[in-house]
Amino acid sequence: MSRISSFDGQRRSGQPLRNKLASSVQVLANILKSSLGPVGMDKMLVDDLGDILVTNDGSTILSRLEVEHPAAKVLVDLAKLQDDEVGDGTTSVVILAAELLKRANHMVQQKIHPTNVIAGYKLAMREAVKYVKQNLSLQTDTLGTEALLNIAKTSMSSKVIAPESDHFSKICVDALQSVRQVNDLGDYVYPVKAISILKQHGKSARDSFLVDGFALSCTRASQAMPAVVTNAKIALLDFDLRVTKMKLGVQIIVSDPKELEAIRKREVDITKERIQKILAAGANVIMTSKGIDDVSLKYMVEAGVIGVRRVKKDDLKRIAKATGGSILLSLASTEGEGDETYDASSLGTAESVMEQRFADDEFLVIKGGAKHTQSSIILRGANSFMLDEMERSMNDALQAVRRTMESATVVPGGGAVETALSVYLENFAHTLGSKEQQAISEFAEALLVIPKQLAINAALDAVELVARLRVAHHQ
């Protein structure tokens with residue numbers, strides 16, 4: 001008799017497997033627990049190559065861990081989703097999810113069916129969201145700019161820039177307010193991608209500053225080019241402006257030496273014609289993600305335009321969005337085979353493009369984009385480890401403030417919301433006579449893991465503090 005199906009693996013089920021799933025998730029949460037809160041510890045991660053990363057950002061820590069267990073991988077994906085959607089709070093969601101799973105497993109061991117546990121958790125979640133919106137949230141319009149600064153400070157409180165949070169919170173709020181846009185629905189949006197973060201070694205973190213305009217860590221390709229161009233028309237290219245070479249695998253057999261010289265001359269002329277077509281369209285700034293050689297530079301210098309080479313593609317995309325330009329992969333025309341043209345509609349427009357010196361290096365700053373305004377933050381720090389962590393911290397703070405400005409609501413921090421929800425859900429559970437009552441009570445108890453862990457990391461008595469919190473909220 002042949003088997004219906006054949007698998008190379010083993011099939012496991014039942015309580016032993018559930019215990020293993022819960023324990024594997026708990027191991028991951030225990031790694032992150034000590035990094036929660038304003039006095040949380042930093043983690044030092046060393047990879048196979050010996051590269052060191054020092055951070056307390058939950059998403060960054062989890063992304064660097066080689067997680068094999070499928071249940072633990074779900075938590076890694078959860079942290080990544082939280083980072084993408086909200087930008088901050090990655091450590092909290094992992095700790096809370098692990099606690100909920102641990103308590104769910106404990107209820108299943110007490111012969112409560114998983115379906116009832118899931119139904120109870122979903123009901124508790126809906127009630128919690130409703131209670132937060134109706135009773136705990138405050139409008140930022142009535143609180144003013146001070147609320148936004150406090151949001152930024154709260155996000156930075158557990159980061160390396162916490163000692164200078166007053167300075168960085170102001171930079172963060174000013175940067176987001178400067179890039180405000182109106183979407184198709186008429187709502188205000190604050191795109192974080194419109195803010196460029198550049199890192200510069202040297203001086204202290206307090207010497208970091210905000211720049212009006214989009215700053216690029218690139219310079220003019222030649223010092224003979226102008227340092228400032230007003231009413232800039234920017235050509236954005238994703239191809240080489242060096243002498244054209246034959247593609248690999250293409251062979252030309254030449255019998256006459258004069259023909260060889262003609263081929264070399266034509267190679268130079270092709271690039272020259274491309275630059276002349278771009279200049280004829282009205283461009284006075286040319287940016288390419290590839291190279292520009294000396295022959296091409298000569299024509300640009302003579303025309304008095306700024307040429308910039310080796311621009312990152314991500315930066316090109318941001319510039320295109322801000323200036324209304326288009327990135328071209330080639331100058332190929334749709335009209336005739338082999339023809340090349342450059343349409344003036346592909347040019348981006350900005351008030352000015354100038355080279356400025358910040359710290360020890362020169363940067364190109366694009367101001368007054370035709371479509372959107374942009375800002376840049378120049379971070380200063382002692383070494384690359386510090387600067388990388390400062391960048392992650394600023395990104396988290398920017399995302400948190402952006403969410404606050406777009407939703408226009410805030411809630412208290414420091415475990416206050418979790419405790420208030422725990423007290424409310426505990427009372428709500430007593431009003432139910434169904435099997436979901438136990439699940440809702442466990443959900444309420446699980447929420448207290450956040451204030452408990454905050455107290456433990458601060459070397460305080462967690463039991464006493466949480467008890468006092470519960471009494472305060474109950475009253």
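**Exercise 1.** Does Val-466 count as buried or exposed, and at what relative accessibility?

*Solution.* The model is predicted: local features need pLDDT of at least 70, side-chain atom pairs count only at pLDDT 80 or more, and totals for chains, interfaces and linings use all residues. Residues are numbered from 1 along each chain as its sequence is written, and side-chain values use heavy atoms, with hydrogens and water left out.

Step 1. Helices (H or I, at least four residues) and strands (E, at least two) are DSSP runs, numbered from the N terminus.

Step 2. Apply the cut-offs: buried is under 20% relative accessible area, exposed is over 50%, and partly exposed is in between, with a 1.4 Å probe and protein chains only. Val-466 has 5% relative accessibility and therefore counts as buried.

Step 3. List the neighbours. Not counting residues up to four places away in sequence, Val-466 touches Leu-448, Pro-451 and Lys-452; contact means heavy atoms within 4.5 Å.

**Exercise 2.** Describe how helix α5 crosses helix α13.

*Solution.* Two packed helices are described by the angle between their axes and the distance between the axes.

Step 1. For α5 (residues 114-136) and α13 (residues 416-429), the axes come within 10 Å and cross at roughly 120°. Because of this angle, α5 is oblique to α13. Axes are lines fitted to C-alpha atoms, for helices over the stretch in contact, and angles run from 0 to 180 degrees between N-to-C directions. Angles under 35 degrees count as roughly parallel, over 145 as roughly antiparallel, 65 to 115 as roughly perpendicular and the rest as oblique.

Step 2. The crossing of α5 and α13 is right-handed. A crossing is right-handed if the near helix is turned clockwise from the far one by less than a right angle, and left-handed if anticlockwise.

Step 3. On the α5 side the contact is made by Leu-123, Ala-124, Glu-127, Ala-128, Tyr-131, Val-132 and Leu-136, and on the α13 side by Val-417, Ala-420, Leu-421, Tyr-424, Leu-425 and Phe-428. By class, the contact of α5 with α13 has 12 nonpolar residues, no polar ones and 1 charged. Ala, Val, Leu, Ile, Met, Phe, Trp, Tyr, Cys and Pro count as nonpolar, Asp, Glu, Lys and Arg as charged, and the others, Gly among them, as polar.

**Exercise 3.** Describe the crossing of helix α9 and helix α10 in the same terms.

*Solution.* Step 1. The axes of α9 (residues 257-280) and α10 (residues 294-303) come within 10 Å and cross at roughly 30°. This angle makes α9 roughly parallel to α10.

Step 1. The crossing of α9 and α10 is right-handed.

Step 2. Val-268, Thr-271, Lys-272, Ile-275 and Leu-279 of α9 meet Val-295, Ser-296, Tyr-299, Met-300 and Ala-303 of α10. The contact of α9 with α10 divides into 7 nonpolar, 2 polar and 1 charged residues.

**Exercise 4.** What span does helix α4 reach, and which elements cover its buried residues?

*Solution.* Step 1. Helix α4 (residues 90-109) has 20 residues and reaches 29 Å from its first C-alpha to its last, close to the expected 28 Å. The expected span is 1.5 Å times one less than the number of residues.

Step 1. Buried residues of α4 include Val-94, Ile-95, Ala-98, Leu-100 and Val-108.

Step 2. Their cover includes α1 (15-33), α2 (58-64), α3 (70-85), α5, α14 (436-447) and α15 (449-457).

Step 3. After α4 comes Lys-111, whose phi is positive, near 70°.

**Exercise 5.** Which elements pack against the buried residues of helix α7?

*Solution.* Step 1. Helix α7 (residues 145-156) has 12 residues and reaches 17 Å from first to last C-alpha, close to the 16 Å expected.

Step 1. Its buried residues are Ala-147, Leu-148, Leu-149, Ile-151, Ala-152, Ser-155 and Met-156. They pack against α6 (140-143), α8, α12 and β16 (409-410).

Step 2. Ser-165 lies in α8, residues 165-178, and touches Lys-153 and Met-156, not counting residues up to four places away in sequence. Ser-165 is buried, with a relative accessible area of 13%.

**Exercise 6.** Where is Arg-310 found?

*Solution.* Step 1. Arg-310 is found in the loop between β11 (306-308) and α11 (313-323).

Step 1. Arg-310 has a positive phi of about 60° although it is not a glycine. Most residues other than glycine have a negative phi.

Step 2. At 48% relative accessibility, Arg-310 counts as partly exposed.
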